[in-house]
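Please look over the sequence and the three-dimensional model shown here, and keep both in view while reading the report.

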Amino acid sequence: MLKESHYYFNKAADVLGLSERIRRILLNPNRVVKVEIITDGDDGKLLQHQGFRVQHNNARGPYKGGLRYHPSVTAEHAEALANLMTWKTAVVDVPFGGAKGGINCDPGKLSEHELYEITRAFVGSNTEILGPTLDIPAPDVNTNARIMGWIMDEYSKYAGFSPAVVTGKPLHLFGSEGRDEATGRGVMYALDEALSDKGRSISDVTVAVQGFGNVGSHASRLIEERGGKIVAVADHLGGVANENGLDVAALIKWTQEFRTVKGFPGGDGFPRNDVITWNADVLIPAALEDVITSDNAGAVRASFIVEGANAPTTNEADDILNERGVTVVPDILANSGGVTVSYFEWAQNIQHFSWDYERVVAELEKVMRKAYADVRKEAQQHQIDLRTAAFVLGISRVGEAALARQHIREDINLNIQR
Ligand code: NAD
């Protein structure tokens with residue numbers, strides 16, 4: 001994945017004509033932290049995990065990015081995702097840098113109390129590098145509002161009442177209205193923009209969705225609300241399809257009860273991986289990384305891919321899709337609704353003031369449509385695909401900020417859009 005993010009970075013840096021020196025300043029992470037987390041298990045046995053936080057770049061504001069709890073978390077994995085966060089926050093023009101982190105634990109094998117102790121230990125080991133003006137974590141895979149609440153509580157022991165140290169908190173603990181659906185809502189706006197560029201609209205498309213968690217379920221619900229037909233959905237256990245459109249509300253209810261879409265009576269079952277090549281106008285990967293590869297990119301039947309997940313497409317697959325004329329709305333644009341509402345949450349916390357749901361939705365729509373327009377403009381100006389254009393935009397904004405803060409003489413014009 002690190003290879004992918006470097007590949008896309010360099011492709012965009014070539015378009016901008018960036019020097020080797022600026023590439024090094026922008027590409028390498030500012031700080032990589034690894035902490036040892038030793039806690040007591042419920043049965044009295046020692047639990048030992050490693051926690052990571054990669055702070056990639058803070059030229060445009062405090063580091064910002066999710067915390068993932070998964071056995072696959074490593075420093076390199078976090079670095080790749082931190083890198084993407086830097087460009088993503090710049091694409092939506094929120095005043096943050098990029099970070100990512102996590103703990104290499106398997107939450108499925110830990111009790112809630114064990115997770116609580118591990119979370120507190122992670123925060124306790126990182127109090128100097130976290131903070132409302134330093135680094136603000138958020139939920140990611142296997143972390144949620146409840147865990148964000150524990151982070152706020154632990155950090156506040158050191159620094160005093162600090163709701164702005166973390167976003168994605170529960171509503172009753174200074175979370176924001178609309179944060180839980182924000183990424184899925186942003187995906188829907190991104191799809192709407194991509195379709196309108198081709199003279200189409202949500203109400204005339206069929207959609208296949210991989211992943212029915214936070215991002216996939218909200219995106220499906222909001223697309224269905226606008227008349228789109230969700231014809232196939234798959235998760236880690238299997239898929240379900242209905243060519244007349246799945247009843248999304250009923251499917252959400254089903255997954256709340258059974259923790260999977262598999263077995264849903266409102267459609268026919270299919271093997272989970274078939275969703276990538278499903279016969280639909282739109283494919284929304286909203287689960288894992290590296291799911292669209294050189295093995296299946298040639299068989300993708302959708303004309304539009306909107307990346308709800310981070311890094312779902314390998315660079316070989318991306319080249320194949322571009323050659324085939326598939327419109328790919330890249331992760332750093334398509335799934336940026338989450339970090340945008342995280343910014344709203346942080347801003348509300350700092351002002352000790354709450355916005356209502358309607359205001360969050362209206363501001364999010366404005367930010368997403370503006371970001372899409374900015375990326376579209378780069379794509380048209382340089383005659384490049386949307387992913388390269390999004391990287392060009394993000395890198396330009398971060399590069400301009402980095403140069404403006406330092407005494408670096410560079411004879412380049414980053415051509416920033418204001
Ligand atoms: P989640 O844990 O709520 O849901 C993940 C979904 O993926 C589940 O339905 C799970 O069953 C499914 N899945 C797992 N393995 C699968 C497999 N092999 N095949 C098909 N489906 C599989 O996670 P989420 O928060 O919805 O995040 C999904 C993706 O979106 C991740 O890449 C995450 O980094 C990205 N993302 C999330 C947010 C956010 O605000 N939650 C923001 C930006 C990006």
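## Basis of the model

This is a predicted model, in which local features need pLDDT of at least 70 and side-chain atom pairs count only at pLDDT 80 or more, while totals for chains, interfaces and linings use all residues. Residues are numbered from 1 along each chain as its sequence is written, and side-chain values use heavy atoms, with hydrogens and water left out.

## Salt bridges between helices

Side chains of opposite charge can pair when their charged atoms come close. With a salt bridge defined as a side-chain nitrogen of Lys or Arg within 4 Å of a carboxyl oxygen of Asp or Glu, a search of the whole structure finds 33 of them.

One of these joins Glu112 to Arg146, with the closest N and O atoms 3.0 Å apart. Because Glu112 belongs to helix α4 (residues 112-125) and Arg146 to helix α5 (residues 145-159), the pair ties together parts that are 34 residues apart in sequence. Helices here are DSSP runs of H or I with at least four residues, numbered from the N terminus. Another salt bridge brings together the side chains of Arg387 and Asp331, at 3.9 Å from N to O; this pair links helix α13 (residues 386-405), which holds Arg387, with helix α10 (residues 331-334), which holds Asp331, 56 residues apart. Arg387 and Asp331 are both buried, where buried means under 20% relative accessible area, exposed means over 50%, and partly exposed lies in between (1.4 Å probe, protein chains only).

Salt bridges that share partners join Asp192, Glu193, Asp197, Glu365, Arg369 and Arg376 into one network.

## Helix α6

Because 13 of its 16 residues are buried, α6 is largely enclosed by the rest of the structure. Just after α6, Gly199 takes a positive phi of about 70 degrees.

## A negative surface patch

Glu177, Asp180, Asp356 and Glu358 gather on the surface in a patch of negative charge, a patch being made of residues with over 30% relative accessible area and no salt bridge, with like charges joined within 9 Å and nonpolar side chains (Val, Leu, Ile, Met, Phe, Trp, Tyr) within 5 Å. Glu358 is placed in helix α12 (residues 357-382), and Glu358 counts as exposed because its relative accessibility is 54%.

Definitions and conventions. Accessible areas come from the Shrake-Rupley method with a 1.4 Å probe; for residues, only the protein chains shown count as cover. Lys and Arg count as positive and Asp and Glu as negative; His and the chain ends are not counted. The place of a charge is taken as NZ of Lys, CZ of Arg, CG of Asp or CD of Glu. Helices (H or I, at least four residues) and strands (E, at least two) are DSSP runs, numbered from the N terminus.
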